[in-house]
Amino acid sequence: MRTIRILTQDNSIKFDCPICKANSLCDIQYMSIQNFGLSTKTYMLVCRACGDGSVWKKFDIKDNFIYSLRLVDPILPDAPEASLDMPEDVKADYEEARLIASYSPRAAAALLRLSLQKLCKHLGEPGKHIDTDVRSLAKKPEFGERLVKAADTLRIAGNNAVHPGEMDEQDIDNICQGLFGLLNLIVHAGITQTKEWDAMYDGLPEKPRKAAEKKDGRE
């Protein structure tokens, strides 16, 4: 979750704009927002580089000039982007997990587990029972011990996120960001590498390729 510390008596600070990404001066503008009759301490930071405003909520207040702000809008994903070869139905859950990871790592872990279950179908498994699918993947030559560990990490963390077991919330918080990388790693091994190897093989001269296939009984 993106936060900044304010240490100034001025109405402007320098910050990294969440919209245009520039390190720029911004003007701090107080916003009066009423929720059920209660006023929340909310500010609009207007970037001088792009002119757009982002909404921040005040917290950890020491006095009127020393406090912190937490980004409220826009909601920005902090996790790695999805692999280009990630199937669309898997990617939909992955992107939702990216959006909420900084706010709820437990919910993100549960969505990544669902992404893995859907991915298993694209890797040739039934996709009904994730543990059975992972055990089946472990027997395939393209899935070594590391990738099976990656899949089990996603599965177990996702399970514990919604069914508390041996992992507490802090454990899930600590590994949540890494779970995104693990799913991308599985996509790379199971889909991307296969496409790359097939493309190289199909680019070979047809005659010696067919001869090799005949020798191996692969025709």
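Which residue is the bridge partner of Val55 in E6? I looked this up first, and Asp73 is the answer.

Before going on, I noted that this is a predicted model, where local features need pLDDT of at least 70, side-chain atom pairs count only at pLDDT 80 or more, and totals for chains, interfaces and linings use all residues. Residues are numbered from 1 along each chain as its sequence is written, and side-chain values use heavy atoms, with hydrogens and water left out.

**Strands**

I followed strand E5 (residues 53-63), which pairs with E6 in the antiparallel sense over six bridges. Strands are DSSP runs of E with at least two residues, helices are runs of H or I with at least four, and both are numbered from the N terminus. Two strands pair if DSSP finds at least two bridges between them. A hairpin of two residues takes E5 into E6.

I then turned to strand E1 (residues 3-7), and found that E1 pairs with E6 (residues 66-73) in the antiparallel sense over five bridges. Here Thr3 sits opposite Arg70 of E6.

**Helices**

I checked H1 (residues 88-100) against H2 (residues 105-122): their axes come within 8 Å and cross at roughly 170°. The axes are lines fitted to C-alpha atoms over the stretch in contact, with angles from 0 to 180 degrees between N-to-C directions. H1 and H2 are therefore roughly antiparallel, a label for angles over 145 degrees.

I listed the contact (heavy atoms within 4.5 Å): among its residues are Tyr94 and Ile100 of H1, and Leu111 and His122 of H2.

Definitions and conventions:
Angles under 35 degrees count as roughly parallel, over 145 as roughly antiparallel, 65 to 115 as roughly perpendicular and the rest as oblique.
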